[in-house]
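Let's take a friendly walk through a protein model. Keep the picture at hand and look for each part as we come to it.

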Amino acid sequence: MTRFTAQLTTQLDRLGSHGVRRGRRDRPPTLVAVAHGSRDPEALSTVTALLDRVRALRPGLPVRLGHIELNRPLLSDTLAALRGEVVLVPLLLSRGYHIKRDIPDAVAAAPHLTARIAAPLGPDPLLAEALDARLAEAGWRAAAPHRAGVVLAAAGSRDPDAAADTARTAALLGARLGGVPVLPGYASGSGPTVPEAVRALAALGRDRIAVASYFTAPGRFATQCANAAPGVAAAPLGAHPAVARLVLRRYEQALASAPLPHPAATVGV
């Protein structure tokens, strides 16, 4: 009897261990949302609200947050605390230095992980949906399309790929607004500033000009651009439902690609 009990116990232990291993293997890779970080206290609460919406859309999916700078948790600390498979989803709106260097470097410094890096959120029609909604919330309507114009206010970058991505989003938003001209305006980097874009629209006879805030969360650049608006200035994208759906879309798209080798010096987007 004692021998039988011992054999049964051993078999149960093996089954239990197999079940644990299977459970770990079946667990979806952790979604690591990568935010830039900001000194604005509303930035962290906005990103947290966005990730709460992502969790509500996909119960059971482990979701973590890491910042490139300025806020905790830093991305390096988040990755150091994780194990297994991860998918980094940048809460960034275009290609640029953070996408091409900072995030891959963070992955290279975490060789204990099997990692994939998703493309930035923009450009995508879901962002045009969210931008349209934020303009409406701010009270702007393109009731007279021949007089209307929008400045898509973005952070800016010296990387031409970033400018191309922002221009694509401007085109998507313009199409969604029924052909209203949408011009990018930047807080930094190369390209026209927000006041310059406003003047360009005014020169086209557009006197109902709004500023769409092409920022994931509040911050210095978003405030700077809003202050340059001649009239309506929309809120940043924030926790809009379309943005939450887009985060999950980028996660799923990345899962279809092969994990990055180490060191992860570059990322394809």
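We begin with open space: the largest pocket holds about 1,100 Å³. Here a pocket is found on a 1 Å grid over the protein atoms alone, as an open set of points where a 1.4 Å probe fits, with protein on both sides within 12 Å along at least five of seven lines. Its volume is the space filled by probe spheres set on the points, which are joined across faces, edges and corners.

The model is predicted, so local features need pLDDT of at least 70 and side-chain atom pairs pLDDT 80 or more, while totals for chains, interfaces and linings use all residues. Residues are numbered from 1 along each chain as its sequence is written, and side-chain values use heavy atoms, leaving out hydrogens and water.

Which residues lie nearest the centre of the largest pocket? They are His-36, Leu-92, His-98, Ala-155 and Phe-221, out of 41 lining residues; a lining residue has an atom within 4 Å of a point. Two or more lining residues come from each of α2 (41-57), α4 (97-108), α6 (160-176) and α8 (220-227). Helices are DSSP runs of H or I with at least four residues, strands are runs of E with at least two, and both are numbered from the N terminus. By class, the lining has 21 nonpolar, 15 polar and 5 charged residues. Nonpolar covers Ala, Val, Leu, Ile, Met, Phe, Trp, Tyr, Cys and Pro; charged covers Asp, Glu, Lys and Arg; the others, Gly among them, are polar.

Next, find helix α5 (residues 125-137). Its axis lies 8 Å from that of α9 (residues 241-255), at an angle of about 165 degrees. Axes are lines fitted to C-alpha atoms, for helices over the stretch in contact, and angles run from 0 to 180 degrees between N-to-C directions. The two helices α5 and α9 are therefore roughly antiparallel, a label for angles over 145 degrees. How do α5 and α6 cross? Their axes come within 9 Å at roughly 60 degrees, so α5 and α6 are oblique to each other.

Now look at some loops. Between β2 (63-67) and α3 (75-81) sits Pro-73, and the peptide bond from Arg-72 to Pro-73 is cis, with omega near 0 degrees. Leu-70 is in the loop between β2 and α3 too, and has a positive phi of about 75 degrees although it is not a glycine.

Conventions
Angles under 35 degrees count as roughly parallel, over 145 as roughly antiparallel, 65 to 115 as roughly perpendicular and the rest as oblique.
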